[in-house]
Amino acid sequence: MSNARMSWGTAGLVAGFAGLAVSHGTAHYLGRRLTPFDAVAELVIDVTPGSVAHWFIELVGTLDKPLLGLIIAAIMCLLFLAAGRLAARAWWAPLPLYAAMGGFALLATLTRDDATRTDAVPVALGAVCWIAALSFITEPVTTGSRAAAVSAATSDVAGDAHAHSRRTVLIRSAVVTAIGVGTAVLGPIVGRGRRRVEQARRLLVLPATTPNVPAGVSLKGEGLTPWMTSADDFYLIDTAFQKPAIDPKTWSLRIHGMVEREVVLSYQELLDREVTEDWITLSCVSNPVGGDLIGNAWWSGVRIAPLLAEAGVRPHADAVLQTSQDGWTCGTPLQALTDDRQAMIAFAMNGEALPIEHGFPARVIVPGLYGYVSACKWVVDIEVTRFDRISAYWTELGWSEKAPLKIGSRIDVPRSGQDIRPGDLRIGGMAWAQHTGIERVEYAIDGGAWQVAAIGGITNHTVPAGPATSAAPTGEASSAAPSAAPVGKVPNRDTWVQWAATVTVDEGDHELRVRAVGADGEVQTGVEKDVRPDGATGWHTRQFSVG
Ligand SMILES: Nc1nc2c(c(=O)[nH]1)N[C@H]1C(S)=C(S)[C@@H](COP(=O)(O)O)O[C@H]1N2
Ligand SMILES: [Mo]
């Protein structure tokens, strides 16, 4: 009996340490400062009262940290043993314990000052490993013991079955241990590549200017989304489980296909060309009505049109197939790359080298198109071709071949669940009509008439010339205008705008809805369509209660 308890406990230990090793390996692989284990130790240090810490350090001197590590490790051993024994009852019985341990590690990890969402990955993988490894190791016993129980009743084959499942358990434990040790050893080695690239990236001095958010684009209103999206807050969408870490020294871009002469650019050759910079809003086709898969940044790069002209595009070409270093592809209409818009090979975002996950060292940005047909990150190959000869990653999966970004608008305030009192209420959000520009934004309360909201930045007309100050605190349409941006550089044609208004609300339940009108007169449709196959439509509405 105690033997059986032993082996369940041992299985728990093996699975537990494998999970720890996997979290360790991934944390190092991802170049994190702390492993989840380290983070737990830091949290313990944080919450230990000063007097206790002082007493402990007096007692053990500089051994304090190793000893703390040992204590935590000992507690974890007990918990791993317990998890193993729980598994003897049912495969799911250890789950609450694992969830509690994983939850605690997550809390420890995410409360570090320098934590980012990436820090959650090692914790999650470690926890998944606990569950998977424990059920993998013990599966022969659970099935075997049932078989043994059955056969024991009829014959003496039971002993054999038992020995057999024991052997399988041993083999499986060895496999799990090997995976754990392998990850722990390989993670840091493979991860060094990414760290080297990150270092190279930080040392780069690029011909990119630091963005100046244009005067007047930001309206007053708590909870409004910042007009400029920081790189950290910029949504991330890609198919790469491990983001390509490309050394700019080894990067090159090849432009070929239906051209007179191939063009190949090294990173330095790209930087040496004429630089273009612009505010451009990028959105994902999967952004649902009211969603946040959209962001606005200051991009620095090299215009694609002159590059294509240099290559000499042959007649009958109508598309460009872009390929990333990790093999992702997208098809872009040639016209969007050769007309007057600022389609570029971008190397910087908000004045700094592209972050690795946003496409370092270079990606494509095309105003007016959804990301999946235009914004290839880690781009290495641009093939001039025809739509009838290519198929790209997402179009193969049933998304549209062509996908211009649809006019849209979103409510950010009031937030859901916001505490609202009767009286004046500030409402607002974002609106965009890419490569056309926003003419106006309208809102309606409780199905009433559409009202015109204030919009940030320069509006195309409707707004009389006013003093060059930032926007009106109350958000009257007429006072939300002025700034000194040169004509033709209106930061709204290719960017989103903030909209806001102040409304008076009385007690009870209300509904707010919003719609945008483009500079070409297009009124955002209220017809609701799903994101598939070429972008969602419909008015964003928000229910709120006042009381
Ligand atoms: N190499 C590569 N580039 C890619 C993708 C991808 O999966 N792989 N996803 C695209 C999609 S669907 C979008 S919406 C944008 C998102 O860019 P971001 O992650 O920098 O916001 O990148 C595009 N470029
Ligand atoms: Mo996307």
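## Basis of the description

A polar contact here is a pair of N or O atoms within 3.5 Å; within protein, one must be able to donate a hydrogen and the other to accept it, and residues adjacent in sequence count only if both atoms are side-chain atoms.

The model is predicted, with local features needing pLDDT of at least 70 and side-chain atom pairs counting only at pLDDT 80 or more, while totals for chains, interfaces and linings use all residues. Residues are numbered from 1 along each chain as its sequence is written, chains are lettered from A and ligands numbered from 1 in the order in which they are written, and side-chain values use heavy atoms, with hydrogens and water left out.

## Contacts of ligand 1

In the side chain of S324, an N or O atom is 3.3 Å from a nitrogen atom of ligand 1. Oxygen atoms of the ligand take part in two further pairs: one lies 2.6 Å from a polar side-chain atom of H358, and one lies 3.0 Å from a backbone N or O atom of I237. On its own, ligand 1 has 530 Å² of accessible area (Shrake-Rupley method, 1.4 Å probe), and the protein covers 99% of this.

## The surrounding shell

Around ligand 1 there are 19 residues, of which Y235, T239, H358, R363 and K377 come nearest; a residue counts as near if one of its heavy atoms lies within 4 Å.

## The chain as a whole

Of the 547 residues in the chain, 48% count as buried, that is, under 20% relative accessible area with a 1.4 Å probe and protein chains only.

Technical notes. Buried means under 20% relative accessible area, exposed over 50%, partly exposed in between (1.4 Å probe, protein chains only).
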